[in-house]
Amino acid sequence: MPLIRLDKYISERSEYSRSRIKELAAKGKITVNGVTVKKSDTKIDAETASVEVLGTPVAASKFRYILLNKPDGYVSSTEENDGVSVMRLIPPELRKKGLFPAGRLDKDSLGALLITDDGELAHRLLSPRSHVPKIYIVKLDKPFKSKYIDIFNDGLILSDGTQCLPAKLKCAEKSDKLAFIELHEGKYHQVKRMFAAVENHVERLMRLTVGGLILPEKLRIGECMELLHKDVENLFSPPDFDDFCTDFISEFSAFMLNN
Ligand code: URA
């Protein structure tokens, strides 16, 4: 049972300073498990406590995890040297110091981008050694050819000689210009360069999954949602690629075809 001071617990999970927490507690504005706690140095159980300040629940997790459905035209960086940052799309109520995009999508790519302040999780997720699979849907310039499946599965070599890990590929039922691809690595412009190596061209790319994190259809392009603890736990339990593609019925494919 990890006991922690109430003021430390709240300040790690919100914008409140310790002095403000002390003040609010003294005024009876803070509750723990529904009971008013007037002393901010009271020890609470960080794993089970349900804390409210001024009637608003304090996030149970020390870290924040946000899933963004990235739109075209934003850079996956906190810096703005190469364009407008995705961080600007985070609504004020979800903003917090230390947030950064855990991963990269090209400026013109769309889809699932995790934004967090949990450096350790981001490191685990991005480490080349963890091989967390990611599934993308792409709109191709020319029709899909079934020979691509074996070429990608055998570990394709890019035009500059870079060897790729085996990747799974499937043509979407809706159109022979839509395909799903699963990668276990993240080289620069990798999906685009892989299709270029088979003399096709990616016109539009959307990331649908990052490990077990699946872009929900209700999350419109440009929108963010805060993730629940269980979603974050699922990050390292990815879906089966074939099942995912078979079950994929989403407005996103219509969007890909029409834009
Ligand atoms: N591969 C690409 O080419 N671009 C992305 O944004 C992600 C993967």
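The structure is a predicted model, in which local features need pLDDT of at least 70, side-chain atom pairs count only at pLDDT 80 or more, and totals for chains, interfaces and linings use all residues. Residues are numbered from 1 along each chain as its sequence is written, and side-chain values use heavy atoms, with hydrogens and water left out.

The chain is assigned two domains, domain 1 (3–57) and domain 2 (65–258); such bounds come from an automatic or database domain assignment. Taken over C-alpha atoms, the centres of domain 1 and domain 2 are separated by 38 Å.

The strands may be considered next. Helices (H or I, at least four residues) and strands (E, at least two) are DSSP runs, numbered from the N terminus. Strands of a sheet pair through backbone hydrogen bonds, either parallel or antiparallel. Here, two strands are said to pair if DSSP finds at least two bridges between them.

The loop between E2 and E3 holds Asn-33, a residue that is not a glycine and yet has a positive phi of about 50°.

Another antiparallel pair is formed by strand E13 (residues 168–171) and strand E14 (residues 178–183), with four bridges between them. A hairpin of six residues leads from E13 to E14, and Lys-168 is placed opposite Glu-182 in E14.

The pockets complete this account. On a 1 Å grid over the protein atoms alone, a pocket is an open set of points where a 1.4 Å probe fits, with protein on both sides within 12 Å along at least five of seven lines, and lining residues have an atom within 4 Å of a point. Grid points are joined across faces, edges and corners, and a volume is the space filled by probe spheres set on the points.

The largest pocket holds about 750 Å³ of space. It is lined by 33 residues, and Arg-104, Leu-105, Asp-106, Gly-186 and Lys-187 are the closest to its centre. Two or more lining residues come from each of helix H3 (119–126), strand E12 (134–140), helix H5 (190–197) and strand E15 (202–210), and H5 contributes the most, with three. The loop between H3 and E12 contains His-131, a residue other than glycine whose phi is positive, near 50°.

The second largest pocket has a volume of about 640 Å³. Among its 21 lining residues, Ala-60, Ser-61, Lys-62, Tyr-65 and His-229 lie nearest its centre. Helix H1 (6–13) and helix H6 (229–233) each supply at least two residues of this lining, and H6 gives the most, with three. Domain 1 and domain 2 each provide at least three residues of the lining of this second pocket.
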